[in-house]
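Good morning, and thank you for coming. Please look at the model on the screen while I go through its main features.

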Amino acid sequence: MSDGTARLSAWLERHEMEILASWTKNLKEAGGHGSGKIRDAELDAQCRSFLAALRDGLASDGATEIDGEGFASVRDLLSDMSQSRALQGFSPSETATFVLLLKDPLYRLVQSEMASDPTAALNQTWVLSSLLDKLGLFTTEAYQRSREEVIVRQQQEIAELSTPVVKLWDGVLALPLIGILDSTRTQVVMENLLQAIVDQAADIAIIDITGVPTVDTLVAQHLLKTIAAARLMGADCIISGIRPQIAQTMVHLGVELSVVSKASLADAFSLALRRTGRTVSTLKSPV
Amino acid sequence: MDRIPILKLGRALLVTIQVDMHDRLATALEEDLSAKIVASGAQGVVIDISGLDLVDSFMGRMLDNIAAVSRMLDAETVVVGMRPAVAITLVELGLELSGVKTALNVERGMALIQSRLLQTRLEAVEIGDDGL
């Protein structure tokens, strides 16, 4: 425990109310509560518990190392706070401001307490400044981490949602593809389709690409792979929903899908029914 | 050495692969099968690989070879019961077995061969042959 930080800790305890008042005022002016995303009372509570944790941290050993044991509670507090703010839609700077705005009241505190010795005050300010900077960086990192977690989770959810295999009739499956086909998605699509072919003993799979925005050579290759794999399992594939522009682009690119393709899912379905020996007819009088 | 049994069912031959294929077994199968096609005059070969969960490029090529040889001896090859993982592996290896017909299971493979037999018989009737 160094003298400087222990002294700071003592001052913090003595002047807690003033610091808190000035800090929360600064925060509210600077939009540290995210323009009303959290309530004033909540912000006050967060400030109070952070200051208390900081005081304990400063009083502990190795007080300028925020990785140390003494700062464990400060780190936990900041992680939780950053995480909740990331979810509440705070911007990174709004989140980091929380710690950084504490500088102003603490500098003034140091200056008033050490007015007689400017050199010592400068040193003390420096120690304080680097400590708060580290805490600020830590906050931003925690914020970033939780944002990345959100992105990863959403990617997984999209991947799960994006590859449904639908049973249209006995032995006829449809695979409506939506979005860009990359190699990872093709793998998932292929696995799902093949499993569905086994499970439902399907003869025909209709791959509908109405929702695929662009078809370049790579996407075409992925499609052909899927079709080849389905054929190896004994199922025929029909491609449907190729939009006019896409058909033109594909021809211009020289991409050739050497499979049966139909303009719409309905056409493909009727072909599939015919191939499985069924037909759709209109009733003479509607039921 | 082990041999893979080849069963005769009507005018088709049925090969069920239930053990892990090693290369010598595969070569032996190719020889046995071509001999059996000629001896029995079979018009179709159904190869059931539902027991196979590992496949390499050699296996893929062997299936292609068997199909080519059978076609030369006037028999159609149908590979049935391929597992999804095996299908994906073959496609990734670039082996699409374009010379081989496929079906989901033995039943459908047999139906495929029956329909082919029926068709050749009909054609034979059309040109005034006696259908043999």
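In S5(A), the residue bridged to A:Ile239 is A:Ser261. Helices (H or I, at least four residues) and strands (E, at least two) are DSSP runs, numbered from the N terminus. This is a predicted model, in which local features need pLDDT of at least 70, side-chain atom pairs count only at pLDDT 80 or more, and totals for chains, interfaces and linings use all residues. Residues are numbered from 1 along each chain as its sequence is written, while chains are lettered from A and ligands numbered from 1 in the order in which they are written.

Let me turn to the sheet. Strand S4 (residues 236-240) of chain A is joined to S5(A) by three bridges, and the two run parallel. They belong to an open sheet of five strands in chain A, ordered S1-S2-S3-S4-S5, with mixed pairing; two strands pair if DSSP finds at least two bridges between them. Why is one side of S1 and of S5 of chain A left without a neighbour in the sheet? Strand S1 (166-169) and strand S5 (260-262) stand at the edges, so each has a single partner strand.

Next, the core. The largest nonpolar core has 69 residues, and A:Ala205 and A:Ile206 have the most contacts inside it. Such a core is a set of buried Ala, Val, Leu, Ile, Met, Phe, Trp, Tyr and Cys residues joined through C-beta atoms within 7 Å. A residue is buried if 20 or more other C-beta atoms lie within 10 Å of its own, exposed if 12 or fewer, and partly exposed in between, with C-beta atoms placed from the backbone. H9(A) supplies the largest share of this core, seven residues. Another core, of 30 residues, lies apart from it and includes A:Cys47 and A:Phe90.

Where do the chains meet? In chain A, 14 residues are in contact (C-beta atoms, placed from the backbone, within 7 Å) with 13 residues of chain B. Helix H8 (183-200) and helix H9 (217-232) of chain A each supply at least two residues of that side of chain A.

Finally, two residues of chain B. Most residues other than glycine have a negative phi. B:Asp74, however, has a positive phi of about 60°, and B:Leu97 has one near 45°. Is each of them buried or partly exposed? B:Asp74 is partly exposed because it has 13 C-beta neighbours inside 10 Å, whereas B:Leu97, with 21, is buried.

Key. Contact = placed C-beta atoms within 7 Å.
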